[in-house]
Amino acid sequence: MRTIVEVREVSKRYKDNMAVDRVSFTLEEGKIYGMLGRNGAGKTTIMQLLTAQAIPSDGEIRLFGEAPYENARVLGQVCFIKESQKYPDNFKVADALAVAAMFFPNWDASYAEALRQQYNLPERRQIKKLSRGMLSAVGIIIGLASRAPLTIFDEPYLGLDAVARRMFYDQLMADYIEHPRTVVLSTHLIDEVSRLLEHVLVIDRGRILINEEAESLRQQAFAVAGPMNKVETFAQGMKVIQRDPLGALLTATVLGSLGPEQRHRAEELGLEFAPVSLQELIVQLTKNQSEGKAAERV
Amino acid sequence: MNRTTRIMQMHLRDKWSWFLIPSMIVGISFSINLLISLFMTEPLYTGGIASVFVYIFVIGILVVPQTFPLAIGLGTTRGDYYRGTALTGLAFGAMTAIVLLALGWLERLTDAWGTDFHFFALPYVAEGNALAVVAQYFLIYMFLFFWGMFIASTFRRFGVKSLLYSLLIAIVVGTVAGFLALRFAWWEAIFEWFATHSLLVVSLWTLPLTLVLAIAAYGMLRKSVV
């Protein structure tokens, strides 16, 4: 697969704060990436650097093989939908969509119109009078209908209810299958998007903590459920990162991959395996790694 | 589609800011003064068209915060944004100058609207040939537009503090210059210069200033982030 984004040792310094600290990663064509991390971890800054909306203090960024800053050829292939996007005060929904249509060569106007109706966005309403959720929907429509080879969504769902968010995930998935492109989804609602993600980048305090295929990440832990004493017996000597008791039952999340031997033993004990939540796993891994890093510094 | 014309089309979507509001301001100012002139026996001269120029100064300031984040958000380069915005300003400057000239003609044609009311064809302002009148309107318009854009770009690039400092410097320099002018009796010479030169000559003097402001605005926008 072709690499379309290359980030090498990129840093962004604001006065007294290292927002992004020597970050390196690559993005490949035709994949959905999750950029995960807590608020203030540096996700938005990284995406602004990618799209030349911010200028790195250090390091090198290549998009489609070229530097993105003031590069119309590159920026025309990127659609970056950010939560804080501003629109002119006098713009109506229709104006925003019409302008977006001019800027993205792959724009699908009928798809945009269908999405607008699905999100119940009044065409003639001024954008500044939209609710937070409707404003998010404008971004979502632009992001999906742009069909840009690199589409980046930064927390695109603010103010949207669970139904509308679900709608967005389904639409993204459906359109992605029909028109494969590279999608970066930045979010802290990890569990909601986990089924979409093929690759996960976890950012913490301006650094990359995890950069891994979602599948191999999921295999780093498993959950086992059954009567409490049996689960405890099974999990003895293993690294249990989470215990969820429910009455006399216990679900334990165990770090490490599941071998045939363990599978056999669990079956003997009458235990069941449950899927592990990506969110839980990332929370745990993040905790471990930052603790590890903190220890390193000392 | 050409990348610069796309930006112009984006601006033109905002019909209120570019067409309707300025037309309304001039229209209302004209109507009220016309009404007053009906009740006056002596001729009425008013500087109502100055509002056009004040307004474009405001537009120059507002256009950047209003549209720069969207243009950059949609993947425009800062250079394309600047070119498209500057061209939009130039196009409106040319259009406004021609419309003002035409309305001045109409005013003469209707014998000052029949009520001795002088709004578009003012002495000193609308003297000289058509080309000179259009040129002077255009030059003043562009000066104010780029001045506004310069202020907005300073804010974009350096934040709100830079504006406060600029204002402070402007006040100090203005006060000192005013004092010196008073102390050494330059005012008389300054007034005389304006009186002896046509508005075209005066407006031509804004040209170098306009160019400096335009280039500086470009330089700052190129380094601006959203």
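Author: By class, the lining of the largest cavity has five nonpolar, three polar and four charged residues, where Ala, Val, Leu, Ile, Met, Phe, Trp, Tyr, Cys and Pro count as nonpolar, Asp, Glu, Lys and Arg as charged, and the others, Gly among them, as polar. This is a predicted model, in which local features need pLDDT of at least 70 and side-chain atom pairs pLDDT 80 or more, while totals for chains, interfaces and linings use all residues. Residues are numbered from 1 along each chain as its sequence is written, chains are lettered from A and ligands numbered from 1 in the order in which they are written, and side-chain values use heavy atoms, without hydrogens and water.

A cavity is a set of points on a 1 Å grid over the protein atoms alone where a 1.4 Å probe fits but cannot get out, and lining residues have an atom within 4 Å of a point. Points are joined across faces, edges and corners, and a volume is the space filled by probe spheres set on them. There are four cavities of 30 Å³ or more.

The largest has a volume of about 80 Å³, and its lining includes Arg132(A), Glu155(A) and Pro156(A). H5(A) gives the most to this lining, with five residues; strand S5 (78-82) of chain A also supplies at least two. Helices (H or I, at least four residues) and strands (E, at least two) are DSSP runs, numbered from the N terminus.

The second largest cavity, of about 70 Å³, has Leu70(B), Gly73(B) and Leu74(B) among its lining residues, along with Phe104(A). Here S5(A) gives the most, with four residues, and the classes are eight nonpolar, two polar and one charged.

Conventions:
On a 1 Å grid over the protein atoms alone, a cavity is a set of points where a 1.4 Å probe fits but cannot get out, and a pocket is an open set with protein on both sides within 12 Å along at least five of seven lines; lining residues have an atom within 4 Å of a point.
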